[in-house]
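Here are a few notes to go with your first look at this one. Have the sequence and the model open side by side as you read.

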Amino acid sequence: MTDLGDRLKKARKAMHMTQRQLSDGLGLEQSAISNYETNFRVPSAAALREISNILQVSLDFLLGTDQYKMNSPLLSEPLFQGKIVQPSIQDELNISDLQQPLLTLLMQGLEAEANDMVQTIWTQHPDLNDLLSSLFIPTLHTIGDLWEAGSIHEAQEHFMVSIINRLMEHLNAQIIHSEKKQGTACFLLPGDEEHELGLKMADILFQQYGWHTTYLGRSIPFASLEKLFISMHFDYLVLSVTMPNQLNSCGYLIQAIRGLPDTYRPKILVSGTAILDEQHALTTLKADLYFPSMAALNQWLSTTMVEHV
(Lines give C-alpha, C1' and ligand atoms only; values in the text may rest on other atoms or scores of the structure.)
Protein backbone atom coordinates (compact mmCIF):
# COMPACT_ATOMS: atom_id res chain seq x y z
CA MET A 1 0.00 0.00 0.00
CA THR A 2 1.49 3.35 -1.04
CA ASP A 3 1.11 6.33 1.28
CA LEU A 4 -0.22 9.82 0.68
CA GLY A 5 3.24 11.27 0.17
CA ASP A 6 4.13 8.75 -2.52
CA ARG A 7 0.86 9.34 -4.35
CA LEU A 8 1.20 13.10 -4.18
CA LYS A 9 4.72 12.91 -5.60
CA LYS A 10 3.62 10.51 -8.34
CA ALA A 11 0.75 12.81 -9.36
CA ARG A 12 2.98 15.90 -9.32
CA LYS A 13 5.59 14.27 -11.55
CA ALA A 14 2.90 13.02 -13.91
CA MET A 15 1.98 16.69 -14.43
CA HIS A 16 5.68 17.55 -14.98
CA MET A 17 5.42 19.96 -12.07
CA THR A 18 8.14 20.89 -9.60
CA GLN A 19 7.58 21.21 -5.87
CA ARG A 20 8.03 24.96 -6.22
CA GLN A 21 5.37 25.19 -8.94
CA LEU A 22 2.90 23.22 -6.84
CA SER A 23 3.65 25.24 -3.72
CA ASP A 24 3.18 28.50 -5.66
CA GLY A 25 -0.21 27.25 -6.88
CA LEU A 26 -1.21 26.50 -3.30
CA GLY A 27 0.25 29.68 -1.85
CA LEU A 28 2.64 27.71 0.36
CA GLU A 29 6.38 27.44 0.90
CA GLN A 30 8.18 24.76 -1.11
CA SER A 31 9.16 23.09 2.16
CA ALA A 32 5.47 22.37 2.80
CA ILE A 33 5.29 20.18 -0.33
CA SER A 34 8.51 18.43 0.65
CA ASN A 35 7.04 17.71 4.09
CA TYR A 36 3.85 16.37 2.51
CA GLU A 37 5.74 14.06 0.17
CA THR A 38 7.89 12.64 2.98
CA ASN A 39 4.82 12.30 5.22
CA PHE A 40 6.45 14.57 7.80
CA ARG A 41 3.28 16.65 7.69
CA VAL A 42 -0.22 15.93 6.38
CA PRO A 43 -2.11 18.44 4.21
CA SER A 44 -5.23 19.98 5.69
CA ALA A 45 -8.61 19.00 4.23
CA ALA A 46 -8.72 22.26 2.26
CA ALA A 47 -5.18 21.78 0.94
CA LEU A 48 -6.01 18.24 -0.14
CA ARG A 49 -8.90 19.49 -2.22
CA GLU A 50 -6.71 22.17 -3.83
CA ILE A 51 -3.96 19.64 -4.56
CA SER A 52 -6.44 17.26 -6.18
CA ASN A 53 -7.69 20.10 -8.39
CA ILE A 54 -4.23 21.32 -9.42
CA LEU A 55 -2.85 17.83 -10.10
CA GLN A 56 -6.13 16.68 -11.67
CA VAL A 57 -6.45 13.57 -9.52
CA SER A 58 -9.23 12.49 -7.19
CA LEU A 59 -9.13 12.66 -3.41
CA ASP A 60 -9.57 8.90 -3.48
CA PHE A 61 -6.29 8.58 -5.40
CA LEU A 62 -4.37 10.82 -2.98
CA LEU A 63 -5.75 8.99 0.06
CA GLY A 64 -5.20 5.56 -1.42
CA THR A 65 -8.86 4.60 -1.30
CA ASP A 66 -9.28 4.02 -5.02
CA GLN A 67 -7.16 0.88 -4.99
CA TYR A 68 -9.68 -0.76 -2.66
CA LYS A 69 -12.60 -0.08 -5.01
CA MET A 70 -14.68 1.38 -2.22
CA ASN A 71 -18.08 2.90 -2.82
CA SER A 72 -19.04 3.46 0.79
CA PRO A 73 -20.80 6.75 1.62
CA LEU A 74 -18.24 7.05 4.41
CA LEU A 75 -15.73 8.17 1.81
CA SER A 76 -17.79 10.85 0.12
CA GLU A 77 -16.84 14.53 0.12
CA PRO A 78 -18.61 15.44 3.41
CA LEU A 79 -15.90 13.45 5.20
CA PHE A 80 -13.51 16.32 4.52
CA GLN A 81 -15.96 18.90 5.82
CA GLY A 82 -15.96 17.41 9.32
CA LYS A 83 -19.03 15.27 8.68
CA ILE A 84 -19.65 11.57 8.19
CA VAL A 85 -22.46 10.39 5.94
CA GLN A 86 -24.33 7.64 7.71
CA PRO A 87 -24.65 4.58 5.42
CA SER A 88 -27.88 2.68 5.33
CA ILE A 89 -28.08 -0.75 6.92
CA GLN A 90 -28.29 -2.24 3.43
CA ASP A 91 -24.85 -0.93 2.46
CA GLU A 92 -22.17 -3.61 2.47
CA LEU A 93 -19.00 -2.55 4.26
CA ASN A 94 -15.68 -4.34 4.03
CA ILE A 95 -14.10 -3.24 7.30
CA SER A 96 -10.52 -3.75 6.10
CA ASP A 97 -11.18 -1.33 3.24
CA LEU A 98 -11.63 1.48 5.76
CA GLN A 99 -8.10 1.34 7.17
CA GLN A 100 -6.79 4.08 4.88
CA PRO A 101 -9.64 6.53 5.56
CA LEU A 102 -9.21 6.00 9.31
CA LEU A 103 -5.44 6.48 9.02
CA THR A 104 -5.96 9.72 7.09
CA LEU A 105 -8.24 11.09 9.81
CA LEU A 106 -5.73 10.10 12.47
CA MET A 107 -2.85 11.76 10.61
CA GLN A 108 -4.88 14.97 10.42
CA GLY A 109 -5.76 14.77 14.11
CA LEU A 110 -9.49 14.63 13.32
CA GLU A 111 -10.48 12.62 16.38
CA ALA A 112 -14.17 13.57 16.37
CA GLU A 113 -14.50 12.57 12.71
CA ALA A 114 -12.64 9.31 13.35
CA ASN A 115 -14.98 8.56 16.25
CA ASP A 116 -18.01 9.30 14.06
CA MET A 117 -16.64 6.92 11.46
CA VAL A 118 -16.15 4.11 13.97
CA GLN A 119 -19.61 4.69 15.43
CA THR A 120 -21.12 4.50 11.95
CA ILE A 121 -19.36 1.20 11.28
CA TRP A 122 -20.45 -0.16 14.66
CA THR A 123 -24.08 0.81 14.05
CA GLN A 124 -24.10 -1.09 10.79
CA HIS A 125 -21.71 -3.90 11.71
CA PRO A 126 -21.56 -4.52 15.50
CA ASP A 127 -18.87 -7.19 15.36
CA LEU A 128 -16.17 -6.35 17.90
CA ASN A 129 -13.71 -8.99 16.71
CA ASP A 130 -13.98 -7.80 13.10
CA LEU A 131 -13.51 -4.17 14.11
CA LEU A 132 -10.43 -4.99 16.19
CA SER A 133 -8.88 -7.51 13.78
CA SER A 134 -9.71 -5.81 10.47
CA LEU A 135 -9.51 -2.12 11.37
CA PHE A 136 -7.76 -1.15 14.60
CA ILE A 137 -4.92 -3.68 14.63
CA PRO A 138 -3.90 -3.26 10.94
CA THR A 139 -4.08 0.53 11.36
CA LEU A 140 -1.79 0.31 14.39
CA HIS A 141 0.64 -1.83 12.39
CA THR A 142 0.65 0.75 9.60
CA ILE A 143 1.32 3.54 12.10
CA GLY A 144 4.23 1.51 13.46
CA ASP A 145 5.59 0.93 9.95
CA LEU A 146 5.37 4.65 9.16
CA TRP A 147 7.25 5.50 12.34
CA GLU A 148 9.98 2.90 11.70
CA ALA A 149 10.38 4.21 8.15
CA GLY A 150 10.76 7.75 9.44
CA SER A 151 7.61 8.88 7.63
CA ILE A 152 6.12 10.16 10.89
CA HIS A 153 7.90 11.35 14.02
CA GLU A 154 7.49 9.85 17.48
CA ALA A 155 5.07 12.49 18.72
CA GLN A 156 2.76 11.83 15.76
CA GLU A 157 2.89 8.10 16.43
CA HIS A 158 1.99 8.56 20.09
CA PHE A 159 -0.79 11.00 19.25
CA MET A 160 -2.44 8.66 16.71
CA VAL A 161 -2.16 5.66 19.03
CA SER A 162 -3.74 7.68 21.84
CA ILE A 163 -6.68 8.52 19.56
CA ILE A 164 -7.21 4.83 18.78
CA ASN A 165 -7.13 4.13 22.50
CA ARG A 166 -9.93 6.65 23.08
CA LEU A 167 -11.91 5.29 20.13
CA MET A 168 -11.78 1.88 21.78
CA GLU A 169 -12.91 3.31 25.11
CA HIS A 170 -15.92 4.96 23.46
CA LEU A 171 -16.72 1.71 21.68
CA ASN A 172 -16.41 -0.38 24.83
CA ALA A 173 -19.00 1.78 26.58
CA GLN A 174 -21.57 0.68 23.98
CA ILE A 175 -20.90 -3.04 23.96
CA ILE A 176 -23.64 -5.26 25.35
CA HIS A 177 -21.83 -7.85 27.43
CA SER A 178 -22.97 -11.45 27.62
CA GLU A 179 -25.24 -12.28 30.55
CA LYS A 180 -23.52 -15.66 30.86
CA LYS A 181 -21.03 -15.17 33.66
CA GLN A 182 -17.67 -16.67 32.82
CA GLY A 183 -14.49 -16.70 34.87
CA THR A 184 -12.18 -13.96 36.09
CA ALA A 185 -9.16 -12.63 34.24
CA CYS A 186 -6.35 -10.22 35.08
CA PHE A 187 -4.46 -8.26 32.38
CA LEU A 188 -0.83 -7.24 32.79
CA LEU A 189 2.21 -6.09 30.79
CA PRO A 190 5.45 -7.80 31.91
CA GLY A 191 8.61 -5.88 32.75
CA ASP A 192 8.97 -2.59 30.92
CA GLU A 193 6.67 -3.51 28.03
CA GLU A 194 5.19 -0.24 26.75
CA HIS A 195 2.48 -1.17 24.27
CA GLU A 196 -0.88 -1.52 25.98
CA LEU A 197 -3.46 -1.43 23.19
CA GLY A 198 -3.29 -5.13 22.34
CA LEU A 199 -3.82 -5.99 26.00
CA LYS A 200 -6.71 -3.53 26.25
CA MET A 201 -8.33 -5.09 23.17
CA ALA A 202 -8.07 -8.51 24.80
CA ASP A 203 -9.66 -7.10 27.96
CA ILE A 204 -12.59 -5.73 25.94
CA LEU A 205 -13.10 -9.09 24.21
CA PHE A 206 -13.14 -10.92 27.54
CA GLN A 207 -15.72 -8.46 28.88
CA GLN A 208 -17.96 -8.96 25.87
CA TYR A 209 -18.15 -12.67 26.63
CA GLY A 210 -19.16 -12.09 30.23
CA TRP A 211 -15.83 -12.36 32.00
CA HIS A 212 -15.08 -10.27 35.07
CA THR A 213 -11.81 -8.52 34.24
CA THR A 214 -9.18 -6.58 36.18
CA TYR A 215 -6.88 -4.44 34.08
CA LEU A 216 -3.55 -3.71 35.77
CA GLY A 217 -1.48 -2.35 32.90
CA ARG A 218 2.21 -1.77 33.50
CA SER A 219 4.90 -1.97 36.18
CA ILE A 220 3.31 -3.96 38.99
CA PRO A 221 5.86 -5.29 41.55
CA PHE A 222 5.52 -9.05 41.99
CA ALA A 223 5.06 -8.78 45.77
CA SER A 224 2.00 -6.63 45.18
CA LEU A 225 0.81 -8.92 42.41
CA GLU A 226 1.10 -11.95 44.68
CA LYS A 227 -1.10 -10.29 47.32
CA LEU A 228 -3.68 -9.50 44.63
CA PHE A 229 -3.77 -13.10 43.38
CA ILE A 230 -4.24 -14.39 46.92
CA SER A 231 -7.11 -11.99 47.61
CA MET A 232 -8.93 -12.23 44.27
CA HIS A 233 -8.31 -15.76 42.89
CA PHE A 234 -8.11 -15.07 39.14
CA ASP A 235 -8.77 -17.90 36.70
CA TYR A 236 -6.47 -16.43 34.04
CA LEU A 237 -3.60 -13.98 33.83
CA VAL A 238 -3.30 -12.45 30.35
CA LEU A 239 0.13 -11.16 29.30
CA SER A 240 1.00 -9.25 26.11
CA VAL A 241 4.56 -8.89 24.79
CA THR A 242 5.37 -6.85 21.69
CA MET A 243 8.94 -5.83 22.57
CA PRO A 244 11.50 -8.65 22.12
CA ASN A 245 13.70 -7.23 24.88
CA GLN A 246 10.85 -7.89 27.34
CA LEU A 247 10.60 -11.63 26.66
CA ASN A 248 13.00 -12.45 29.49
CA SER A 249 10.94 -10.34 31.88
CA CYS A 250 7.84 -12.21 30.73
CA GLY A 251 9.54 -15.56 31.34
CA TYR A 252 10.70 -14.53 34.81
CA LEU A 253 7.23 -13.33 35.72
CA ILE A 254 5.64 -16.59 34.58
CA GLN A 255 8.25 -18.54 36.55
CA ALA A 256 7.48 -16.55 39.69
CA ILE A 257 3.73 -17.05 39.27
CA ARG A 258 4.23 -20.80 38.88
CA GLY A 259 5.83 -20.72 42.32
CA LEU A 260 2.54 -19.68 43.91
CA PRO A 261 0.38 -22.26 45.68
CA ASP A 262 -2.00 -24.05 43.29
CA THR A 263 -5.01 -22.44 44.98
CA TYR A 264 -3.89 -18.96 43.99
CA ARG A 265 -2.09 -19.62 40.72
CA PRO A 266 -3.99 -18.51 37.60
CA LYS A 267 -3.54 -20.12 34.21
CA ILE A 268 -1.33 -17.96 32.04
CA LEU A 269 -2.36 -16.81 28.58
CA VAL A 270 0.19 -14.99 26.42
CA SER A 271 0.03 -13.12 23.15
CA GLY A 272 1.94 -10.44 21.29
CA THR A 273 4.16 -9.97 18.25
CA ALA A 274 7.40 -10.62 20.18
CA ILE A 275 6.39 -14.27 20.73
CA LEU A 276 7.60 -16.40 17.84
CA ASP A 277 5.10 -19.24 17.90
CA GLU A 278 3.19 -21.64 20.12
CA GLN A 279 6.29 -23.68 20.96
CA HIS A 280 8.09 -20.53 22.07
CA ALA A 281 5.12 -19.53 24.25
CA LEU A 282 4.46 -22.91 25.84
CA THR A 283 7.94 -24.44 26.01
CA THR A 284 10.28 -21.49 26.48
CA LEU A 285 8.04 -19.04 28.35
CA LYS A 286 6.09 -21.84 30.08
CA ALA A 287 2.68 -20.28 29.46
CA ASP A 288 -0.50 -22.38 29.50
CA LEU A 289 -2.10 -20.89 26.38
CA TYR A 290 -0.94 -18.86 23.40
CA PHE A 291 -2.99 -16.92 20.87
CA PRO A 292 -1.28 -15.57 17.73
CA SER A 293 -4.08 -13.15 16.89
CA MET A 294 -7.13 -11.38 18.26
CA ALA A 295 -9.30 -13.54 15.99
CA ALA A 296 -7.86 -16.70 17.57
CA LEU A 297 -8.53 -15.32 21.04
CA ASN A 298 -12.07 -14.44 20.04
CA GLN A 299 -12.62 -17.99 18.78
CA TRP A 300 -11.41 -19.44 22.09
CA LEU A 301 -13.60 -17.08 24.10
CA SER A 302 -16.66 -17.95 22.01
CA THR A 303 -16.31 -21.64 22.85
CA THR A 304 -14.93 -21.55 26.41
CA MET A 305 -17.51 -22.01 29.14
CA VAL A 306 -17.14 -21.20 32.82
CA GLU A 307 -17.09 -24.87 33.81
CA HIS A 308 -13.96 -25.36 31.67
CA VAL A 309 -12.07 -22.71 33.61
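1. Let's start with Cys250: it is buried, with a relative accessible area of 0%. Buried here means under 20% relative accessible area, exposed means over 50%, and partly exposed is in between (1.4 Å probe, protein chains only). Cys186 counts as buried too, at 0% relative accessibility. As for disulfides (a pair of cysteine sulfur atoms within 2.5 Å), the count is zero.

2. A word on what you're looking at. This is a predicted model, where local features need pLDDT of at least 70, side-chain atom pairs count only at pLDDT 80 or more, and totals for chains, interfaces and linings use all residues. Residues are numbered from 1 along each chain as its sequence is written, and side-chain values use heavy atoms, with hydrogens and water left out.

3. Overall, the protein has 14 helices and five strands; these are DSSP runs numbered from the N terminus (helices H or I, at least four residues; strands E, at least two). Of its 309 residues, 49% count as buried. Take contacts (heavy atoms within 4.5 Å) between residues at least 6 apart in sequence: 71% of them join residues at least 24 apart.

4. Now have a look at helix α1, residues 4-14, where Leu4, Gly5, Arg7, Leu8, Ala11 and Arg12 are buried. Seen down the axis of α1, these buried residues fall within an arc of 165 degrees (taken from the directions from the helix axis to the C-beta atoms), so they line one face of the helix. Lys10 and Ala14, on the other side of α1, are exposed.

5. Just after α1 comes His16, with a positive phi of about 55 degrees.
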